[in-house]
Structure formats: structure tokens, C-alpha cells
Amino acid sequence: MKAAVIRFPGSNCDFDMLYALQDFGIDAEILSADNNDLNDFDAVFLPGGFAYGDYLRTGAIAKFSPIMAAVIQAANDGKLVVGVCNGFQILTEAGLLPGQLQVNKIPGFICEDVELLIENPNTAFTNAYETESIMIPIAHGEGNYYADDATLAQLEDNHQIVFRYAQNPNGSAHDIAGIMNERGNVFGMMPHPERAVDAVTGNVDGQPFFKSILSEIIAGD
């Protein structure tokens, strides 16, 4: 499996994502957002950070990066596309996932471990989990997921909500922490599973997330 970790100007979690992927034997490399070709990659990861300084809105400028046309093409081709934190915000801005990430209900940056409920265990991102809840770090000021009632109903009906917050830290509608598209190959979440893969941190609840992705790619091959 070969994976691209997209580095936008202002990304600061690209190495975290790179090392997490490499820990599971995935051939991963960091690719600048100035590139426009992802044909050689099986999966694409948009990491956390502050792309282009998060001016205007989080992800609003990043969606115009040259790489985004290739990310959209990869998604349309059925490849796995994963956005974490700022990456999730970029995916919504680019129209690859529905909804919008707004300022936290109580404005301010939140940095803490939170409990997530695995709402849909039968996805490319959760199939390796053997528990119903996990602890994953969050670090964001604009993680308040919003969508209109019709979109929320569609997400519920199609089982596109993958993770929910057990105790909602940011005001997200329906306690949403992570969602996927209808096809199930594009996924975004605000919490950081790449920060919960090494025992030295005292938390390895992110490991099954990457194991799930790896098994999905291997099955697809």
C-alpha cells in the first residue's frame, strides 16, 4: 500500500500522520499541495494543522490548492481519502463531505482526550475495532460540525456517521465526530487517531483505525 500525506502551507501534523502510517508498514510519503498527481497512490491523507493560516475559514483557501483536483479524482476513483482535523475541514470545503466545521460552541481551543463512540463498526476505518468506545485526542478551535436537517437525516439513514462524541466538547450536531461519504471511501474526523498509536503516549486506541485502513486496502488488492 502506498499512501500520500498532503502537506499544505501551515500543516503541522503531517509527520505525525506519516509516522503512524509507517508504523503499520504502509509505504507513506509527504507530498506538497503544489503537486497535482496522485495516480501512484492507493490512499490519500489530509493531516491536521492550519492550512494557509486558516484565513477566511478553515480549509477555505486550501481547497484551491493544485493537489485538490487530484484528491477529488482519487475520491471519484474509489481510493481512500482521509481528512483529520484541518483535513476534515478541507474535505467539507471541497465538497467531498457534507456539512461545515464552525467555531466551537464555547469559543476557544480545546486540547484533551475525549471518548468516542463507534457508531458504525462496519467501515474501512473501524472494522478492526473490538470495542464500542475509544479515547482519542482532540485539538481544535473550529470543530463544531454543522449540517442542515435534511443532510443530518441522510447521514443518519445511510449510516454515514462513523464516530460520535460520548460527551460533546464543541457543540457538534448529533454529537458528530467523524463521517464518511455515501460510497464509504472518503472520511473525515476532528479527533486525532495518529496521536494515539504509540504505547509511550499511554494511549493506543488509534491503532485499530490504521489497521482497519490497511486491511481494507489489502482486501481491495
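Trainee: In what order do the strands of the open sheet run?
Mentor: This is a predicted model. Nine strands make up the open sheet, ordered E2-E1-E3-E4-E11-E10-E9-E6-E7, with mixed pairing.

Trainee: Which are the edge strands?
Mentor: Strand E2 (27-32) and strand E7 (133-140), each of which pairs on one side only. From one strand to the next, the twist averages 25°.

Trainee: How do E10 and E11 pair?
Mentor: In the antiparallel sense, over three bridges; E10 covers residues 176-180 and E11 residues 186-189. Opposite Met-189 in E11 stands Gly-178.

Trainee: And what does helix H3 touch on the sheet?
Mentor: Helix H3 (residues 86-93) packs there against strand E3 (43-46), strand E4 (80-84), E10 and E11. The direction of H3 makes about 120° with that of E4.

Trainee: Changing topic: where does Glu-194 lie?
Mentor: In the loop between E11 and helix H5 (207-220).

Trainee: Is Glu-194 buried or exposed?
Mentor: Buried, and without a salt bridge. Arg-195 is the nearest side chain of opposite charge, 4.2 Å away, whereas the cut-off for a salt bridge is 4 Å.

Trainee: Then which side chain has a polar contact with that of Glu-194?
Mentor: The side chain of His-192, at 2.6 Å.

Trainee: What else is Glu-194 in contact with, leaving aside neighbours within four places in sequence?
Mentor: Cys-13, Asp-16, Met-17, Ala-20, Val-84 and Phe-210.

Definitions and conventions
Residues numbered from 1 in each chain as written. Predicted model: local features only at pLDDT ≥ 70, side-chain atom pairs only at ≥ 80, totals over all residues. Heavy atoms only, no water. Pairing = 2+ DSSP bridges. Helix = DSSP H or I, 4+ residues; strand = E, 2+ residues; numbered from the N terminus. Axes fitted to C-alpha atoms, helices over the stretch in contact; angles between N-to-C directions. Contact = heavy atoms within 4.5 Å. Buried < 20%, exposed > 50% of the residue type's maximum accessible area, 1.4 Å probe, protein only. Lys, Arg positive; Asp, Glu negative; His and termini not counted. Polar contact = N/O pair within 3.5 Å; in protein donor to acceptor, adjacent residues only side chain to side chain.
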